[in-house]
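The entries below keep to what could be read from the coordinates.

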Amino acid sequence: MSRNRDRLVRLDDSHRILSQQECDAIAERVFRLAQGGGETRVRIGSWWQGELRWGRNRVSLASDRRDVFLNVTRGLPFGPHGGCSTNQFDDVSVEAVVRAAERQRARSNQPPPAAYLPKLPKLDLPNTAIWSDASYGATTETRGELARTIVDSAEAKGMLSAGYAEVRAASYAELSSAIRAGEPADYENPYTAWTQAQCSMTVRDPQGTGSGWAGHSSYDWSKIDGAALADQALDKCLRSRNPVGLEPGRYTVILEPQAVADFMEALIAQIWLGRTWAEGGNGPFFLTVDSALGVARTKLGLKIADERISLSHDYADPALGVVPELGMGTSPISWIDHGVLTELSYSRDYALHELGESYGARTPAGYRMSGGTTTQDEMIQSTKRGLLVTRFSNISMLDPRSLLSTGLTRDGLWLIENGKITKPVKNFRFTESPLFMLNSIEQLGPAVPVFRATDLQGGSGRLTPAIVPSLKVRDFSFTSLVDAV
Amino acid sequence: MRVPFWLVAMSIALRVPAATAQTLLAPPDTNVDVGKYTTIEECVAATARVEEALYRRERLGVWRDTLPWNPKEALEPLPEPLVSTAQRCSARFQAATVQLSDLRLVVPLFLLGNRDKDVATLATRRLAAIGAHGTTKSAAPAVVSTEVERLAVLDSVFQWYLSARPARISSADSLVTALDRSTPRPMRAKPAAKLMQMYLALGLKAQTLQDTIVTRARAMRAIALLDSLTPSERQAVRETEFGTSQSFESFAYAANLARAGYGVMLDSLRKSTAAFVALQASLWTEATGESPEAAGFPIGRKAPQLVGAQSSGAGTSVPRPVAGKVNLVLFVDQMCTDVMVLPNQHLNDPSECRPVAASLRRMAARDPSLEITLVDRTRGSFMYLAPPTPEEEVVQINKDLAAHQVPGTSMIGTTQFFRIAAPDRRRIATKQLPNFNAYTFGKSWPSDGGAAFIIDQDGIVVLPTGALTRDYEQFFGDLIAVMESRGKTSTAAAGSPR
Amino acid sequence: MTVSRRDFVKIGAAAATLAALPRPLRADSGRAQSLSHGMADPERRSLAMRALDAATGAGAVYADVRLTHNWTRFLYDKDFMDGESMEVGVRALVQGYWGFASGPVWSPDEMARLGREAVHQAKTNALGKSRVVNLAPAPAVQNGSWVMPVEIDPFEISPFEIMDYLRGLGIFTGNVKHGASLRASEAFFTKQEKAFASSEGSYCTQKLYTGSGKLVTNLERDGRNDSRAVDLLTVASVGWELFTGQPLRDAIRQAIETSERDLKLPVKPVDVGRYDTVVDALGVSGLLDDTLGRATELDRALGYEANAGGTSYINAPLDMLGSYSAGSPLLNVTGDRSAKGGASTVKWDDEGVTPDEFTLVKDGVLSDFQTTRESARWLESYYSRGNHPVRSHGCANADSAINAPIQHAPNLVMRPGREALDFESLIAGLENGLAITQLQTDMDFQHLNGLGLGRIYEVKKGKIASIIGGGGVLFRAPELWKGMHALGGSASTRRFGYYAAKGEPSQKTCHSVTAAPAAFKQLTLIDPERKA
């Protein structure tokens with residue numbers, strides 16, 4: 001075996017993601033290979049996943065997968081971060097990626113550095129709860145046992161269960177040769193490691209007339225009660241069989257927390273696009289151009305939702321663990337306070353220039369929505385005629401100004417008449433806006449964690465937790481019947 | 001490059017692990033055979049890429065502004081790799097057959113590759129193609145549209161000649177002279193206006209190249225054409241050809257200035273500021289029929305004292321502009337010190353702040369007793385630093401100025417802000433006090449943006465300018481040298497403030 | 001007859017001498033290294049065998065392994081980014097349960113670990129209720145090797161040449177007409193060396209390419225903008241000839257002309273109702289892909305995707321095969337993974353199966369499903385009834401060895417009509433109705449009901465009269481295809497590439513869809529922004 005092989009990082013069973021020492025060591029090797037001065041920037045990451053998929057009441061595939069990546073950018077400090085990538089750490093590969101990055105920079109246009117570069121002030125990462133030993137230690141056997149419990153319950157009732165359970169651990173660091181040498185350069189992202197877990201299932205009847213779903217995601221596997229989810233999904237399946245068709249129209253709806261979370265995504269995305277987007281005249285939160293002040297005004301400070309609605313994120317909240325990023329901000333953020341829009345995402349750049357602050361307010365990477373005390377039973381009992389919705393699917397936005405969207409109900413829709421659920425109903429296509437929903441609230445239930453499997457803003461596969469209440473909403477617009485189950 | 005076998009063999013011995021190496025992320029080949037490109041656009045893209053690559057190193061590694069300025073730079077040839085790329089790529093395109101619709105891409109490309117003869121052929125082809133398409137019922141509109149098209153084509157070629165490197169001055173000159181001679185007399189407004197602009201452009205180019213004789217000759221021709229127009233024609237030309245406010249006046253003034261001659265201006269200043277002011281005013285009035293005051297030109301007025309200084313440092317103990325000295329006051333609003341989270345994300349183009357620093361250094365070196373004042377203001381932020389107090393920000397601004405080796409005394413005022421109510425809480429700067437970060441002479445002189453003012457020993461504004469650019473550095477330097485050598489000029493009456 | 005390990009070693013030794021020949025020094029030549037030795041590297045074979053041995057030794061009744069070496073190159077007019085990666089994945093079958101393990105390290109120890117881990121995954125779940133996997137037969141591929149033919153390897157030419165080309169297109173577009181510009185110009189290429197081995201004695205290597213691009217033109221007139229994408233650059237198994245071999249400048253000119261025409265057309269509000277509708281080839285390919293393309297994935301039809309993308313409206317395969325009316329008799333759809341340049345084209349799939357061309361829909365009747373070795377067996381009774389062999393159609397696909405192979409769509413081909421019709425002549429044949437281009441479809445989770453948004457024109461007496469502002473069409477898949485009454489001829493067919501995501505965790509692959517423009521009866525026109 002050649003010497004080079006020994007330098008390959010081993011990711012064996014006890015050691016499934018790169019440690020901080022390993023990331024540092026790889027970075028050092030990259031830094032030493034650089035030719036021609038300037039800064040070398042290295043992004044190193046690794047991930048491991050334990051996966052379990054089942055369909056028709058049998059596990060269809062169980063997997064253990066892992067990978068690493070290395071992205072190298074060469075150039076002057078504060079330059080663009082394009083970089084070339086590899087996932088191999090042997091000497092030849094590491095040198096090859098450094099050379100490729102150098103050639104790449106030979107092409108790009110980079111502005112000259114400033115003559116005066118004061119020392120970068122220290123920035124703190126927020127403290128977040130992102131690592132769970134339970135997730136990292138959820139063994140193949142544990143997952144297997146859970147799957148058997150789940151499928152057995154569906155099979156016992158003659159239903160078909162399909163679903164997926166996953167635990168994941170990952171690590172990441174962004175390191176700079178210039179920072180190491182004490183020179184000014186863009187911030188490093190210190191080594192971070194985190195875990196995430198998810199479990200979801202769809203139970204259908206063999207005739208295909210009914211379908212129920214339940215799911216949960218968290219950084220902490222121990223927060224996921226697979227058996228309880230299985231019961232929920234099975235119950236919904238059984239109760240959703242043989243639905244009848246109803247006329248489209250406006251209905252009072254009781255949206256379960258998952259449905260609310262699904263529908264809120266478009267709104268969350270606008271908060272994520274932030275102040276700069278809104279001040280540029282885009283989206284629902286742009287207000288007007290104030291010619292007297294010479295700036296564009298947004299709806300910050302204006303009431304945009306029912307006063308019972310608040311949306312916030314406390315990074316330290318263990319129920320809302322997110323992966324911390326530098327410049328993100330460290331204090332809790334309130335996005336909507338009692339219906340008033342109180343903040344939109346902004347970068348550190350914006351904070352320094354416009355607000356005289358040191359930190360940005362970054363993305364609702366996770367969010368907590370205010371709830372109420374009305375239970376779902378109480379909501380049903382107080383409804384003369386309405387629909388109970390499990391979740392929404394296939395949502396697309398039609399108008400970015402009003403957030404008018406269209407999508408489908410899925411996995412359980414029931415008619416409520418005179419305070420009781422009377423029958424399962426065929427799915428509908430809705431045409432509605434989440435802003436309308438937030439302004440047409442009759443009752444709120446307690447806020448609970450929901451299923452939100454990937455970072456919908458970045459596509460990086462990171463968890464973005466949400467705690468969301470159920471809502472009873474009036475005049476929700478359903479525009480056509482959809483006979484899909 | 002062929003590698004000798006022994007080298008290969010050795011490398012095999014050393015690199016046996018390499019033969020079993022896992023990956024081969026090969027660096028890209030930077031050599032491109034542009035000769036095989038089949039379209040003009042790819043050639044244009046290739047030359048742009050080569051140019052960017054050539055100048056990239058300079059932009060990043062060479063602080064150009066510290067080098068002596070070469071006024072004849074426009075006449076110097078381009079670097080060989082760029083020229084040969086242009087030649088190799090365009091070799092397959094023949095002047096006789098290239099599509100005329102591609103003219104605006106082909107001509108600059110040919111000029112890059114020094115294919116001047118081909119450019120002349122193309123120009124001839126293009127002119128011959130005018131009026132060849134379609135017939136019109138009445139003669140008059142056809143003549144007019146043909147004439148308009150001909151002027152447009154000639155103007156395009158003229159601009160390409162002038163903006164080429166090296167600048168094709170004589171080709172441009174010949175073109176204009178030929179057009180002048182071939183235009184029927186009495187000359188109508190449209191061709192006259194076009195010729196005026198061309199002559200002036202040639203004159204200004206000559207001025208840049210410090211060829212005063214040619215400058216004067218071209219300017220005189222431009223003035224003569226202007227004088228040949230009737231007042232109503234002049235008005236028509238002003239509206240249709242010049243459009244925007246004051247650009248016609250500026251053109252006429254510049255032409256007059258060039259005709260009057262450099263030496264004449266310096267002589268008048270040597271006599272007295274009042275004489276210089278009077279000469280400038282008469283040139284302006286002659287060109288535009290208006291007084292400079294009406295155009296908001298604050299020449300000859302007393303420069304107000306600068307106020308609101310927050311900075312410390314030598315030179316701020318006396319009121320500025322400094323009485324008894326020649327002053328250059330520069331309002332540097334946004335000179336490279338505005339907030340940047342990353343130092344290269346200048347909100348303004350960085351190319352604007354560094355040439356200014358270099359100009360100032362050269363001017364200070366040339367005239368050591370010149371009093372330079374840089375007026376700036378705090379903004380509540382500085383690059384990527386944590387939000388500073390005004391005092392801290394002033395310290396940082398001065399450090400930045402020192403790093404750029406900017407001479408002079410800085411006077412930095414604290415901008416007052418208010419905040420939009422929470423949660424917006426954005427900072428809005430309040431309306432500036434008079435003479436705070438710009439000179440205000442009553443209502444007329446625009447007070448936003450940077451501006452430079454040359455002020456004599458009596459505190460009279462000799463020349464204001466929108467920006468300090470390399471082209472005018474010599475001129476300003478000469479004015480300052482004249483004022484230094486003459487000392488104060490006497491009577492207060494001549495320089496009475498308005 | 002399976003090839004013995006000893007045979008493998010003999011073959012390997014010959015290849016080893018090849019690998020010892022000097023390669024050009026990378027630093028000196030600056031050229032991308034020739035990789036023709038790479039695939040035949042005997043080390044790959046021995047690594048693969050190591051993994052299989054470990055898996056079978058630990059108790060797998062079947063095991064397979066993929067080793068992939070990937071290159072990617074993304075370019076736009078001003079910059080480019082290169083990436084490279086290597087992965088290995090092992091699948092093991094124990095008592096009807098599948099296990100999978102994958103990672104980035106190619107070393108003998110890792111191979112053994114992965115082989116054992118895959119079996120560990122399978123065995124742990126085999127503790128559950130019984131499950132039967134009966135893989136359909138597939139002849140072992142003994143020492144196969146294939147290089148996908150492309151004209152110009154985009155990794156062998158200078159990225160600067162590609163960037164000059166893209167930038168040149170931008171310059172060209174600006175010159176086409178006043179107000180014209182190119183909003184996006186990008187190119188993306190991949191190259192993959194894949195080695196596959198199975199415990200049934202297969203070993204084969206392939207070198208595969210994909211290329212795709214993006215060109216979006218824009219025309220501005222009086223403050224209004226009309227943008228459209230040039231549709232010649234969807235993903236395909238091609239090299240740089242994707243750009244240089246196609247009439248892109250003509251397409252750009254055409255796009256600008258169309259934008260100019262559209263900006264002059266009057267815009268009418270939606271008059272809700274049902275209309276005969278003509279859809280262009282791109283739109284028809286999307287409709288086909290989103291309805292039947294997804295609905296005939298057998299695993300999806302049987303509920304294995306229910307928790308992810310959903311199920312299929314063709315939900316009782318064995319009952320429906322041979323009798324279900326999927327569309328009008330004009331509808332004939334086949335699947336293949338062998339068409340030259342097809343985005344899903346391979347020599348062997350990720351189970352070592354040689355894909356065949358198969359008929360999904362014949363004269364409007366459902367005739368087959370997309371299958372893998374495991375799922376082909378599920379249709380055994382249907383196949384034997386018709387005396388067809390029980391075999392996988394070769395749809396097992398893993399875009400990289402880090403992912404387990406699952407069933408993904410092959411290239412789909414809709415047979416054109418017999419008459420020499422095209423989009424323009426179909427419109428000319430429309431007395432009153434709609435014509436749609438730039439169609440985007442949004443299907444439900446059974447791929448049954450759809451909402452189509454795009455550029456909708458009103459057609460009157462065979463001519464485009466106006467644009468319907470803000471309209472959308474609703475349709476239901478079976479009715480849509482049954483109502484297809486006219487189809488463009490072979491000269492009007494076009495091939496487009498699509499990416500499709502499937503599975504948990506999600507994986508993405510690409511495939512081509514070939515279709516002709518078509519005329520459909522009575523689609524429902526709505527105003528999608530109108531609330532109830």
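This is a predicted model: local features need pLDDT of at least 70, side-chain atom pairs count only at pLDDT 80 or more; totals for chains, interfaces and linings use all residues.

**Entry 1: domains of chain A.** I looked up the division of chain A and found domain 1 at 3-204 and domain 2 at 244-485. The C-alpha centres of domain 1 of chain A and domain 2 of chain A are 30 Å apart, and their contact draws 16 residues from domain 1 of chain A and 17 residues from domain 2 of chain A.

**Entry 2: domains of chain C.** Here the assignment is made of several segments, with domain 1 covering 5-19 + 35-213 and domain 2 covering 266-316 + 327-333 + 397-532. Taken over C-alpha atoms, the centres of domain 1 of chain C and domain 2 of chain C are separated by 32 Å. The contact uses 12 residues from domain 1 of chain C and eight residues from domain 2 of chain C. I then asked which strands supply the side of domain 1 of chain C that touches domain 2 of chain C. Strand E1 (62-76), strand E2 (80-94), strand E3 (97-103) and strand E6 (203-221) of chain C each give at least two residues to that side, which by class has three nonpolar, six polar and three charged residues.

**Entry 3: chain A against chain C.** I found 68 residues of chain A in contact with 54 residues of chain C. Strand E2 (residues 58-75) of chain A contributes the most to the side of chain A that touches chain C, giving 11 residues. That side of chain A comprises 21 nonpolar, 27 polar and 20 charged residues.

**Entry 4: a strand of chain C with two partners.** I followed strand E15 (residues 411-414) of chain C to its neighbours. Strand E10 (residues 333-336) of chain C runs antiparallel to E15(C) and is joined to it by four bridges, with C:Gly335 partnered by C:Leu412. Strand E22 (residues 507-515) of chain C pairs with E15(C) in the parallel sense over two bridges, and there C:Val413 stands opposite C:Thr514. Is each face of E15(C) covered or open? Both faces are covered, with C:Asn411 and C:Val413 buried on one side and C:Leu412 and C:Met414 buried on the other.

**Entry 5: an open sheet in chain A.** Six strands of chain A form an open sheet of mixed pairing, in the order E12-E11-E10-E13-E20-E19. Strand E12 (340-341) and strand E19 (448-449) of chain A stand at the edges with a single partner strand each, so one side of each has no neighbour in the sheet. Inside the order, strand E10 (residues 311-313) of chain A is joined antiparallel to strand E11 (residues 333-337) of chain A by three bridges, and A:Ser312 stands opposite A:Ser334. Helix H8 (residues 257-279) of chain A packs on this sheet, touching E11, strand E13 (367-369), E19 and strand E20 (466-468) of chain A, and its direction makes about 120° with that of E20(A).

**Entry 6: backbone exceptions.** In chain B, a cis peptide bond joins B:Arg165 and B:Pro166, with omega about -10°, and B:Pro166 lies in the loop between helix H7 (139-163) and helix H8 (169-182) of chain B. The bond from B:Arg185 to B:Pro186 is also cis, with omega near -5°, and B:Pro186 is placed in the loop between H8 and helix H9 (189-208) of chain B. A:Asp411, not a glycine, has a positive phi of about 60° and lies in strand E15 (residues 404-417) of chain A. Is A:Asp411 buried or exposed? A:Asp411 counts as buried, because it has 29 C-beta neighbours inside 10 Å.

Definitions and conventions
Residues are numbered from 1 along each chain as its sequence is written. Chains are lettered from A and ligands numbered from 1 in the order in which they are written. A residue is buried if 20 or more other C-beta atoms lie within 10 Å of its own, exposed if 12 or fewer, and partly exposed in between; C-beta atoms are placed from the backbone. Two strands pair if DSSP finds at least two bridges between them. Domain bounds come from an automatic or database domain assignment. Two residues are in contact if their C-beta atoms, placed from the backbone, lie within 7 Å. Ala, Val, Leu, Ile, Met, Phe, Trp, Tyr, Cys and Pro count as nonpolar, Asp, Glu, Lys and Arg as charged, and the others, Gly among them, as polar. Axes are lines fitted to C-alpha atoms, for helices over the stretch in contact, and angles run from 0 to 180 degrees between N-to-C directions.
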